[in-house]
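Hi everyone, thanks for coming. Let me put the model up on the screen, and then we can walk through a few places together.

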Amino acid sequence: MNKGELVDEVAKKTSLTKKQIDAVISATVDTIMDAVAEDDKVTLVGFGSFESRDRKAREGRNPKTGEKMEIKATKVPAFSAGKLFKEKVAPPSE
């Protein structure tokens, strides 16, 4: 599902226009990205959490030459699915 399809699905479930929904989704995504970029954690209960994580420096290999190389430490965005989201995707077996 892409952003346009998401807007269409949300429009079916609400009384908002597609233009309003697009603006809300864009603002939500921008706000989450800004917060994570500033090392804040964004938690949407039941859905999941967005945060930045530190990735340690490590040794890698150039795939073409096989030569060893140092990969620098960096920060990466991460998402952890919440309990309700996980259960929706893979319901617990009884």
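Let's begin at Asp39, in the loop between H2 and E1; helices (H or I, at least four residues) and strands (E, at least two) are DSSP runs, numbered from the N terminus. Asp39 has a phi near 65 degrees, a positive value in a residue other than glycine. Most residues other than glycine have a negative phi. With a relative accessible area of 46%, Asp39 is partly exposed; by that scale buried is under 20%, exposed is over 50% and partly exposed is in between, using a 1.4 Å probe and protein chains only.

A word on where this comes from: the model is predicted, so local features need pLDDT of at least 70 and side-chain atom pairs count only at pLDDT 80 or more, while totals for chains, interfaces and linings use all residues. Residues are numbered from 1 along each chain as its sequence is written, and side-chain values use heavy atoms, with hydrogens and water left out.

On to the sheet. In what order do the strands of the open sheet come? The order is E1-E2-E5, three strands with antiparallel pairing, where two strands pair if DSSP finds at least two bridges between them. E1 and strand E5 (74-81) are at the edges with a single partner strand each, so one side of each has no neighbour in the sheet. From one strand to the next, the twist averages 30 degrees. E2 and E5 run antiparallel and are joined by eight bridges; Gly48, for one, has Ala81 in E5 as its bridge partner.

Helix H2 (residues 18-37) lies across E1 and E2, at about 35 degrees to E2. Here axes are lines fitted to C-alpha atoms, for helices over the stretch in contact, with angles from 0 to 180 degrees between N-to-C directions, and contact means heavy atoms within 4.5 Å.

Finally, the rings. How many aromatic pairs does a search of the whole structure find? There are five, with rings of Phe, Tyr and Trp (its six-membered ring) pairing if their centres lie within 6.5 Å; planes under 30 degrees apart are stacked, over 60 edge-to-face, the rest tilted. Phe47 and Phe50 are 6.4 Å apart at their centres with planes at 35 degrees, so that pair is tilted. Phe47 also forms a stacked pair with Phe85, 5.1 Å centre to centre and 10 degrees between the planes. That pair links distant parts of the chain, 38 residues apart: Phe47 is in the loop between strand E1 (42-44) and strand E2 (48-55), and Phe85 is in helix H3 (residues 83-89). Phe47 is partly exposed at 38%, as is Phe85 at 30%. Ring pairs link Phe47, Phe50, Phe79 and Phe85 into a cluster.
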